[in-house]
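Visitor: I would like to go through this structure with you. Could we take the charged pairs and then the surface?

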Amino acid sequence: MTWLSKIMRPKIRAMVGVKSEAPDNLWHKCSHCGEMIFHRDYAANHHVCSHCGHHGRLKAAERISLLMDAGAFTMAELPKVPLDPLKFKDQKRYTDRLRDAQTAS
C-alpha cells in the first residue's frame with residue numbers, strides 16, 4: 001500500500017459514508033474449546049459455553065443477583081479499621097504498614 005492510498009482511502013470512506021461491517025465485541029471465544037458464541041447467547045446462558053459447558057467468569061454483582069432473590073439481602077458495611085490501637089513501634093510505623101497492606105490487597 002502506498003502512502004497516497006493510506007491518506008486518500010480514509011478520506012474517501014469518510015465522504016462516501018462506508019461503515020465498518022460489525023463491531024469486534026459481538027462474539028465471545030470460549031477459552032476451553034475455542035468455539036465462537038454470540039455475546040447475547042453467552043450472557044443469556046450465564047457465561048456458560050453451550051458447546052462444551054465451560055463456565056466463564058462472572059462479576060461479583062452478577063453472581064450475587066443469580067444466587068439471591070431480588071431485595072432479599074442488603075450489603076453490610078465494613079467496619080473502619082483503627083489506625084494504631086496499640087501504639088506499636090517497629091522499624092516501620094504501623095500506620096505505614098497498614099496503608100501498604102491495604103493498597104496491596
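Predicted model: local features only at pLDDT ≥ 70, side-chain atom pairs only at ≥ 80, totals over all residues.

Visitor: How many salt bridges does a search of the whole structure find?

Guide: The search finds 4 salt bridges.

Visitor: Which residue forms a salt bridge with Arg97?

Guide: Asp90 does, and the closest N and O atoms are 3.0 Å apart. Arg97 is partly exposed, at 36% relative accessibility, and Asp90 is likewise partly exposed, at 44%.

Visitor: And what does Lys92 meet?

Guide: The side chain of Lys92 meets that of Asp100 in a salt bridge, at 2.7 Å from N to O. Lys92 counts as partly exposed because its relative accessibility is 35%, between the limits of 20% and 50%. Asp100, at 34%, is also partly exposed.

Visitor: Where do Arg99 and Asp96 lie?

Guide: Both are in helix 4, 3 residues apart, which is about one turn of the helix. Arg99 is partly exposed, with a relative accessible area of 45%.

Visitor: Which residues are linked with Asp96 in a network?

Guide: Arg93 and Arg99 are linked with Asp96 in a network of salt bridges.

Visitor: Where does Phe73 lie?

Guide: Phe73 is in the loop between helix 3 (60-67) and helix 4 (94-104). Its relative accessible area is 34%, so Phe73 is partly exposed.

Note on methods
Residues numbered from 1 in each chain as written. Heavy atoms only, no water. Helix = DSSP H or I, 4+ residues; strand = E, 2+ residues; numbered from the N terminus. Buried < 20%, exposed > 50% of the residue type's maximum accessible area, 1.4 Å probe, protein only.
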